[in-house]
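Biologist: I am new to this structure and would like to learn how to read its features. Please take them one by one.

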Amino acid sequence: IVQLQFGRGWNDAIAWSLLGDQQRACASLREAVASGYTSNLEDLDAFSYLKSLRAQPCYQQALAPARARNAAQVAAARKAGLL
């Protein structure tokens, strides 16, 4: 349900990767991050079928802003005593 609220989320990136187009997959990752999607990064890092996508330099570059945003949210929650 959360993915639907943020558009396609990672779904396009996963589809392009499975079709063998890693550059379009990375472009989809960048689009999802730019639209504010940051959920389920651990899934992208763990799914075995995304190994070829993770091997691309653009993978970490595309996800860096989402990782930074998530880390900032965790830090803010810790500071507020929520974690």
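Biologist: How many aromatic pairs does a search of the whole structure find?

Modeller: The model is predicted. Searching the whole structure gives two aromatic pairs. The rings of Trp10 and Tyr37 have planes at 80 degrees and centres 4.9 Å apart, so this pair is edge-to-face; planes over 60 degrees apart count as such.

Biologist: Where in the chain do Trp10 and Tyr37 lie?

Modeller: Trp10 is in the loop between helix H1 (2-5) and helix H2 (11-18), while Tyr37 is in the loop between helix H3 (22-34) and H4. The two are 27 residues apart, and the pair links distant parts of the chain.

Biologist: Are Trp10 and Tyr37 buried or exposed?

Modeller: Both are buried.

Biologist: What is the arrangement of the rings of Phe47 and Tyr49?

Modeller: Their planes are at 15 degrees and their centres 5.1 Å apart, so Phe47 and Tyr49 are stacked. Planes under 30 degrees apart are needed for that label. Phe47 has a relative accessible area of 29% and is partly exposed. Tyr49, at 41% relative accessibility, also counts as partly exposed.

Biologist: Let us turn to charges. Which side chains meet in a salt bridge?

Modeller: The general idea is that side chains of opposite charge can pair when their charged atoms come close. Here the search of the whole structure finds one salt bridge. It joins the side chains of Arg67 and Asp45, at 2.8 Å from N to O.

Biologist: Which parts does the pair of Arg67 and Asp45 tie together?

Modeller: Arg67 belongs to helix H6 (residues 57-79) and Asp45 to helix H4 (residues 41-46), so the bridge ties together parts that are 22 residues apart in sequence. Arg67 is partly exposed, at 27% relative accessibility. Asp45 is partly exposed too, with a relative accessible area of 33%.

Biologist: How far apart are the mean positions of the positive and negative charges of the chain?

Modeller: The chain has 9 positive and 6 negative charges, and their mean positions are 7 Å apart.

Biologist: Now the chain as a whole. How many helices and strands does its secondary structure have?

Modeller: There are six helices and zero strands. Along the sequence this reads α-α-α-α-α-α. The C-alpha atoms fill a box of roughly 45 × 25 × 20 Å along the principal axes.

Biologist: What share of the residues in the chain is buried?

Modeller: Of the 83 residues, 29% are buried. The chain exposes about 5200 Å², with 57% of that supplied by carbon and sulfur atoms.

Biologist: What share of contacts in the chain between residues at least 6 apart in sequence join residues at least 24 apart?

Modeller: The share is 63%.

Key: Residues are numbered from 1 along each chain as its sequence is written. This is a predicted model: local features need pLDDT of at least 70, side-chain atom pairs count only at pLDDT 80 or more; totals for chains, interfaces and linings use all residues. Side-chain values use heavy atoms; hydrogens and water are left out. A salt bridge is a side-chain nitrogen of Lys or Arg within 4 Å of a carboxyl oxygen of Asp or Glu. Helices (H or I, at least four residues) and strands (E, at least two) are DSSP runs, numbered from the N terminus. Buried means under 20% relative accessible area, exposed over 50%, partly exposed in between (1.4 Å probe, protein chains only). Contact means heavy atoms within 4.5 Å. Accessible areas come from the Shrake-Rupley method with a 1.4 Å probe; for residues, only the protein chains shown count as cover. Lys and Arg count as positive and Asp and Glu as negative; His and the chain ends are not counted. The place of a charge is taken as NZ of Lys, CZ of Arg, CG of Asp or CD of Glu. Rings of Phe, Tyr and Trp (its six-membered ring) pair if their centres lie within 6.5 Å; planes under 30 degrees apart count as stacked, over 60 as edge-to-face and the rest as tilted.
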